[in-house]
Amino acid sequence: MKIFRGFKHPGLAPACAVTIGNFDGVHRGHQAMLGLLRAEAAQRGIPTCAMTFEPHPRDYFAQKLGKPDLAPARVGTLRDKLSQLEICGVDQVVILPFNESLASQRPEDFIQDVLISGLGAKYVLVGDDFRFGNKRAGDYAMLDSSGQALGFDVARMNSYEVHGLRVSSTAVREALAAGDMQQAAKLLGHPYRISGHVVHGRKLGRKLAESRAGADDGFRTLNLRFDHWKPAASGIFAVLVHGLTDTPLHGVANLGVRPSLDPNDINGGRVLLETHCFDWPVELGGEGAYGKIIRVELLHKLHDELKYDSLDALTAGIAKDCDDARAFFAGNHAPSHRSSHTETRRQTTRDRI
């Protein structure tokens with residue numbers, strides 16, 4: 001899959017079948033749409049293209065208005081969005097920077113400058129609530145009329161439902177906010193997951209004595225940055241970690257801002273996913289995980305983030321979380337093996353971003 005920031009690149013295909021959206025989470029509705037896009041592109045002998053935006057348009061307007069509460073919680077990072085789009089068979093992704101220029105563009109100009117001149121669109125697939133252009137003045141009827149006049153096909157896809165529930169990024173956000181990881185997995189088509197490079201932290205975890213397990217290095221953690229200030233999920237979770245060994249590892253993770261740490265935290269102010277694996281791979285040694293790309297599946301929420309008044313209290317709290325996560329795995333879950341073909345495709349994308 002090729003990834004482009006903007007549409008003025010010689011490497012872009014001269015013609016394509018394109019769908020447009022934010023694709024936050026790339027849920028089952030998105031997956032169904034991308035399946036239809038692939039079929040239509042194959043009939044025409046052209047590649048598929050997904051056009052998306054960074055930042056999310058609602059992020060942009062929330063910042064512009066000085067009302068951060070208007071920004072939607074983010075289901076996934078850009079890395080995970082691109083990985084999922086590749087798994088769905090997208091040939092190229094165009095990431096448009098959502099800025100004042102794009103926000104103020106007339107819908108007619110978007111069609112001509114972006115879809116026709118920029119992408120060479122021959123088929124355009126949108127959702128049933130699609131709006132575009134300045135003040136959201138463009139709609140499906142305008143797009144369809146332009147397609148007839150300019151020579152490209154236009155289609156829209158109705159809402160995708162699971163047991164009567166409309167699948168949407170909003171529904172995924174609501175499930176994650178409620179800590180309902182099973183419902184989120186039904187909407188996504190897979191367990192909720194976050195991937196990225198393991199980064200350095202304060203290394204506080206290895207200093208905490210885990211007397212129950214007898215670990216020499218306390219609660220060593222794998223730290224991933226979640227590159228958005230407002231994640232859809234937060235709290236403490238039982239997790240599976242992929243990417244360190246041939247089989248997934250059980251663990252417990254904290255997704256959030258770590259309220260028990262001080263302002264001098266090296267990742268202070270950032271949302272971080274901190275994961276402690278119950279069985280640390282001996283072959284990695286003390287520093288072997290840094291820089292590796294891992295994927296963490298958040299399977300079960302234990303509780304919201306808590307603020308502890310001392311390191312002793314924090315140590316006891318983490319030990320209890322580990323016990324509760326182990327109990328979850330003992331009673332409910334066994335590690336699953338992923339397709340090596342799927343993982344290879346995912347790795348190809350992740351190594352480029």
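Visitor: Asp129: buried or exposed?
Guide: Asp129 counts as exposed because its relative accessibility is 52%; exposed means over 50% relative accessible area, buried under 20%, and partly exposed in between, with a 1.4 Å probe and protein chains only. This is a predicted model, where local features need pLDDT of at least 70, side-chain atom pairs count only at pLDDT 80 or more, and totals for chains, interfaces and linings use all residues. Residues are numbered from 1 along each chain as its sequence is written, and side-chain values use heavy atoms, leaving out hydrogens and water.

Visitor: Where is Asp129 placed?
Guide: Asp129 sits in the loop between β5 and α6 (140-150). Helices (H or I, at least four residues) and strands (E, at least two) are DSSP runs, numbered from the N terminus.

Visitor: And which residues is Asp129 in contact with, leaving aside neighbours within four places in sequence?
Guide: Those are Arg136 and Arg166, where contact means heavy atoms within 4.5 Å. The C-alpha atoms of Asp129 and Arg156 are separated by 9.0 Å, and the two residues are 27 apart along the chain.

Visitor: Switching to pockets, how much space lies in the largest one?
Guide: About 1100 Å³. On a 1 Å grid over the protein atoms alone, a pocket is an open set of points with protein on both sides within 12 Å along at least five of seven lines, a cavity is a set where a 1.4 Å probe fits but cannot get out, and lining residues have an atom within 4 Å of a point. Grid points are joined across faces, edges and corners, and the volume is the space filled by probe spheres set on them.

Visitor: Which residues are closest to the centre of that pocket?
Guide: Gly21, Asn22, Asp129, Phe130 and Arg136, out of 39 lining residues. Among the elements that each supply at least two lining residues are α1 (28-44) and β5 (121-127).

Visitor: How many cavities of 30 Å³ or more are there?
Guide: The search of the whole structure finds 5. Helix α3 (residues 78-87) gives the most to its lining, with 4 residues.

Visitor: What about the largest nonpolar core?
Guide: That core has 35 residues, and Leu298 is among those with the most contacts inside it. A nonpolar core is a set of buried Ala, Val, Leu, Ile, Met, Phe, Trp, Tyr and Cys residues joined through side-chain atoms within 4.5 Å. Apart from it lies another core of 28 residues, including Cys49 and Val94.
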